[in-house]
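My notes follow the structure.

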Amino acid sequence: MRSLRIGLLLGLRQIQRASIWTTALIIFVMMLTFLNLVVVSGVLVGLITGAERAVRNESLGDIILSEPTGEKTIIETNSIVSSFASYPEIDSYSIRYKSNAVLEANYKERRNLNTERDIATVNVTGIDPALEDNMSHISDDVVRGEYLDPNEEGYILIGYYYLEESADKFGDVFDTLGIKNPGETVRLTVGDISKEFVVKGIIESKVDDVSLNTYIPEREFRRLFGRIDQNADQRVIRVKSGYSEDDLKKAFVTNGLNAYAKIQTFEEGKPKFITDIKATMNLLGTFIGSIGLVVASITIFIIIFINALSRRRHIGILKGIGIERQAIEIAYVIQAAFYALAGSALGALLIYGFLIGYFERNPIAFPFSDGVLVAPANETLLRFIVLFITTLVAGFIPAWMIVRQNTLNAILGRK
Amino acid sequence: MNIIEATNIHRTFGKGAVVTHVLKGIDISVKAGEYVAIMGKSGAGKSTLMYQLSALDEPTEGDIFIDGENVVELSERERTEFRLNTLGYIFQDYALVPDLSARENVMMPLLMRGMNWAKAEQAADRAIDSVGLIGKYHNLPAELSGGEQQRVAIARAVASEPKILFADEPTANLDSISGKQVIDLIGEIHKRGQTIVMVTHEEEYTADADRIIYMEDGKIVNEKKN
């Protein structure tokens, strides 16, 4: 206790009397270290979080209903839809019918039947254009042409990845069609049935499920695919702000909806690879950050070592007049703690006061995601604790090395 | 009654062929309340002797009893504790902590002895007043002259009322006027009953000492009572 009191006095006074520029520089280095620890992994995880958010916003919503085990579709879709009115938590929803078909373009211009047909096997989703747009704002993803009109038939939206021009950008990964612009006619074939559609718009999103899809009105889908029972493949629901998706799922289960559909929250239903990549990115960020941690600990070691070495004689005198070694060591540990605290506090202020908001407003544009900065408070606290402890150790070791030297040698400046 | 009783003190430095024998079997005793000045030329071994007597160093051979305790047998930690509770020091170049005010410098050993902050402050202020630096409690060492710094060092040494006060050439870095003031101050402290052992190489500063010990080549060659 006595040593702590003396150590505090010595440590605080050393900080107080130190050059303000030196102190500012050390704190700046500590702030950069803290940012390195939090922001690098935060941005890496943020890339995936951006993709995750996009999937949630533009595709899966907050709750996903899909076919129950042993069934091909959701059962009693219409009854379930009717019951939605009794759930005040539901903000919006969409009903989706999904299947595959062969899409053909430029067949009218094809004069020589020996040439290859311009066809691609595509995902087809039947939607109620109004409900879907209300839920996923999919019309915002139309990059050419227009979105489907609920009152029209015979129009189709085609995902950008099915266009030949996308192959120029991303490589020849998918079957593509030589469609250039909206207004062109395409033919959708399911088994023996074919139907012509006019391309109403080209749709592009960073969510693959959207860009690698074609959308037609649900009525036409059911006719084309023979889905007379109106049972859908997927129902996605957006929960109102302030309500919990877990609570809504519980309410669905309580009311027996799980007998007709498999009910999952977004967290449960999101693709597993997202969780895996996030964990990998976090690990990668932590690894990169830990290099900064090593640099910071060496910096603190050198600073405290030089500081203690330049005060070696005073340390000897303090020991000479009866001040315990621990008190002097504590003084240097307190300095290191101050640098770590001040640097981390400034770093946290910058992250939570500016950077997170900035990246929310100006996400980093990656091909597959709009990257944001993710810095959960508990993980930031953990990184701070790691930095703090490392700094304390880096501060203690040089102080211990100098303080343990022979008292008289230190007083007289002898080696 | 002897407060210091040292017998057959040897101190060597180095190893093998380059051993330097600095103290060569010194016997010395100091009575409680006595003011002893140790004199000698540079290299005579007077400072080395003082370091042994003040438990700052360990003799290669011999025993040193201070206030009945054989300090040679104490561990490093016990010696530190012993110095804190029993001894006071005045070094040649003041040896104040530059980051601490005059008051805080004086408070250091008091706080280390477990005195609470308020009492340590009062005791420090009294000690600073007693060395003639009334009102200079908040000055940093750099804001004080050499003589004033040495007086703060004296205040620090006496504030905790040590049984023995050691002074290692306390005037070495001072001009003659400041040096005289410091010596007078040490003399006054002695008059209050303080045991003092002072190393100096200037005869004129030994006027207040009860006894002067002369050293040469690691041995005591003469003693004189004032």
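These entries take the conventions, then the interface, then the sheet.

Conventions. I worked on a predicted model, where local features need pLDDT of at least 70 and side-chain atom pairs count only at pLDDT 80 or more, while totals for chains, interfaces and linings use all residues. Residues are numbered from 1 along each chain as its sequence is written, chains are lettered from A and ligands numbered from 1 in the order written, and side-chain values use heavy atoms, without hydrogens and water.

Interface. I looked up the contact (heavy atoms within 4.5 Å) and found 26 residues from chain A and 31 residues from chain B. Together the chains bury about 2800 Å², 61% of it on carbon and sulfur atoms, where buried area is the accessible area (1.4 Å probe) lost on being put together, summed over both parts. On the chain A side, A:Arg2, A:Arg5 and A:Ile321 supply 22% of the buried area, more than any other three residues.

I then looked for salt bridges (a side-chain nitrogen of Lys or Arg within 4 Å of a carboxyl oxygen of Asp or Glu) and the count between the chains is two. One of them joins A:Arg13 to B:Glu104, with the closest N and O atoms 2.4 Å apart.

Sheet. In chain B I traced an open sheet of six strands (E runs of at least two residues in DSSP; strands pair at two or more bridges), in the order S6-S7-S8-S3-S9-S10 with mixed pairing. Strands S6 (87-90) and S10 (219-225) of chain B stand at the edges with a single partner strand each, so one side of each lacks a neighbour in the sheet.

How values were computed. Buried area = accessible area lost by both parts, 1.4 Å probe. Helix = DSSP H or I, 4+ residues; strand = E, 2+ residues; numbered from the N terminus.
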